[in-house]
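Student: I would like to go through the pockets and the sheet of a protein model and ask what the terms rest on.
Tutor: Then look at the model and ask.

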Amino acid sequence: MKKLGYLTGFLLVFIIIWLSACKKTWQTTDYLHESRQGKEARMQWWNEARFGMFIHWGLYSIPAGVYDGKQIPGIGEWIMQKAPIPVKEYEKYAAQFNPVKFNAGEWVKIARDAGMKYIVITSKHHDGFCLWDSKVTKWDVMDATPFKRDILKELKEACDKNDIKLCFYHSIMDWHHPDAQAPFYPNYNDTERSNPNFPRYVNNYLKPQLGELIKNYGKLGILWFDGEWIKDWTSPMGKDMYNYVRSLQPDIIINNRVDKGRKGMQGMNTEGEFAGDYGTPEQEIPDTGLPGVAWESCMTMNDSWGYKSYDSNWKSSETLIRNIIDITSKGGNYLLNVGPTSEGVIPEASVQRLKAIGAWMQVNGEAIYGTSASPFEKPGWGRYTQKPGKIFAHIFERPADGVLNIPVPAVQVKNVYLLGADNESFTPVPADEGFIIRLPKVLPDSIASVVVIEYEGQL
Ligand code: FHN
């Protein structure tokens, strides 16, 4: 009798434990309704980072904008669509992909020395080619190319050694998969047609591949979705995908292109409830930031994301540095792109610009990292950024008379000094609006010099 009692008791305990374990499995957390504090904590590193590297790399770096002897207009990574190239033809590039000069450590060092705090690389772009060893396809670098190295794995190891967050760009649209857009050739980007097998692509391919990326490469910073504009991708799919990815890495950040809320290249979410942690303006900088709205402007250095051999329309280092300042002054992040060659080399023109940015950030980085949007109107001579107790005045054009009028009440000012000039300090002279200082004739940096105003109290 006693034995029966023990057995019953044991069974009861086992059933309770088993049910609670099942509840955890069945219970799909709804990450879409996270508290403001929870989201702020999760995005703290991102809000402090302010500056990241975008890398568009894949088979499209082989044609590099040329097909059948002709220069194909448009962005390099769209050559399959723009030429157009049939899937079987495009697959031939895989046998040529052998980027023997690829060195993840060198790429990460270039990003780190430029002052970039995260790297977003195309794990899979619209052509469907995978830069990692995927178990659900042979259309990947391990099976389809002579290179046979897991690029994402090597990059993750290099990022971990350099305190850089590795993030993955992943295209929902897929021009190679028969259940996605491949059958739409010659217009893979047809936004009107549907593939009846698309749900099979999502459940048996897209989600399992994302599972591989999220589970097999350690802690990631961002899942940067793209290609969400296709007809077959729906908002419920986007919300489910958001929850799925967060269920595997609850702290990961996901951009707003996972759902259908993005307003085109302007990138911010339309009204209504759409998944995604931040807006994604593309090739543009919003006129003003939006209080309480996280956003990141992504931009090329020339005109193409993927490498194009003849695209030499490079933005100047001055433009790129002032873009960082302008974006930061509006409370955004800057995701600046490089398009490596088919040999695995970041173009020298990009490297030179990133070195110039790094030199500026070395002196002035405190006026960018961890700052938030300016509390003041944009001044004619430059921009403002801020941290608690500090205003950073970024001077693009020195006023002819050398007089700078800063709208911080003189009584609150504790210290005013110039970065990059042995912190040369100034005596603030009270003025109608705040105070004025007289700048030296020559400023430390012709692109942007920063005056720091330390103050007490609230503005
Ligand atoms: O079609 C892509 C394009 O190739 C590139 O990846 C950019 C980068 O954000 N996103 C899409 C265009 O909006």
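Student: How do the residues that line the second largest pocket divide into nonpolar, polar and charged?
Tutor: In this predicted model, the lining of the second largest pocket divides into 8 nonpolar, 4 polar and 6 charged residues. The space in this pocket is about 220 Å³. Of its 18 lining residues, the closest to the centre are Ile 75, Trp 78, Asp 226, Glu 282 and Trp 305. Asp and Glu count as charged and Ile and Trp as nonpolar.

Student: What makes a residue part of a lining?
Tutor: A lining residue has an atom within 4 Å of a point of the pocket or cavity. By that rule, 47 residues line the largest pocket, and the closest to its centre are Leu 290, Pro 291, Gly 292, Val 293 and Ala 294. The volume of the largest pocket is about 1,300 Å³.

Student: Which elements give two or more residues to the lining of the largest pocket?
Tutor: They are helix 2 (36-42), helix 3 (44-49), helix 11 (317-329) and strand 10 (382-387). Helix 2 gives the largest share, 4 residues. By kind, the lining of the largest pocket holds 17 nonpolar, 16 polar and 14 charged residues.

Student: Why is a space called a cavity and not a pocket?
Tutor: A space is called a cavity because a 1.4 Å probe fits there but cannot get out, whereas a pocket is open. The structure holds 1 cavity of 30 Å³ or more. The largest cavity has a volume of about 90 Å³. Among its 14 lining residues, the closest to the centre are Asn 302, Ser 304, Trp 314, Gly 339 and Pro 347. The lining of this cavity divides into 6 nonpolar, 6 polar and 2 charged residues.

Student: What makes strand 10 and strand 13 edge strands?
Tutor: Strand 10 and strand 13 (413-418) each pair on one side only. The open sheet has 4 strands in the order 10-11-16-13, with antiparallel pairing. On average, neighbouring strands are turned by 20° against each other, direction ignored.

Student: Which strands does helix 11 touch?
Tutor: Helix 11 packs on the sheet and touches strand 10 and strand 11. The direction of helix 11 makes about 55° with that of strand 10.

Technical notes:
Residues are numbered from 1 along each chain as its sequence is written. This is a predicted model: local features need pLDDT of at least 70, side-chain atom pairs count only at pLDDT 80 or more; totals for chains, interfaces and linings use all residues. Side-chain values use heavy atoms; hydrogens and water are left out. On a 1 Å grid over the protein atoms alone, a cavity is a set of points where a 1.4 Å probe fits but cannot get out, and a pocket is an open set with protein on both sides within 12 Å along at least five of seven lines; lining residues have an atom within 4 Å of a point. Grid points are joined across faces, edges and corners, and a volume is the space filled by probe spheres set on the points. Two strands pair if DSSP finds at least two bridges between them. Axes are lines fitted to C-alpha atoms, for helices over the stretch in contact, and angles run from 0 to 180 degrees between N-to-C directions. Contact means heavy atoms within 4.5 Å.
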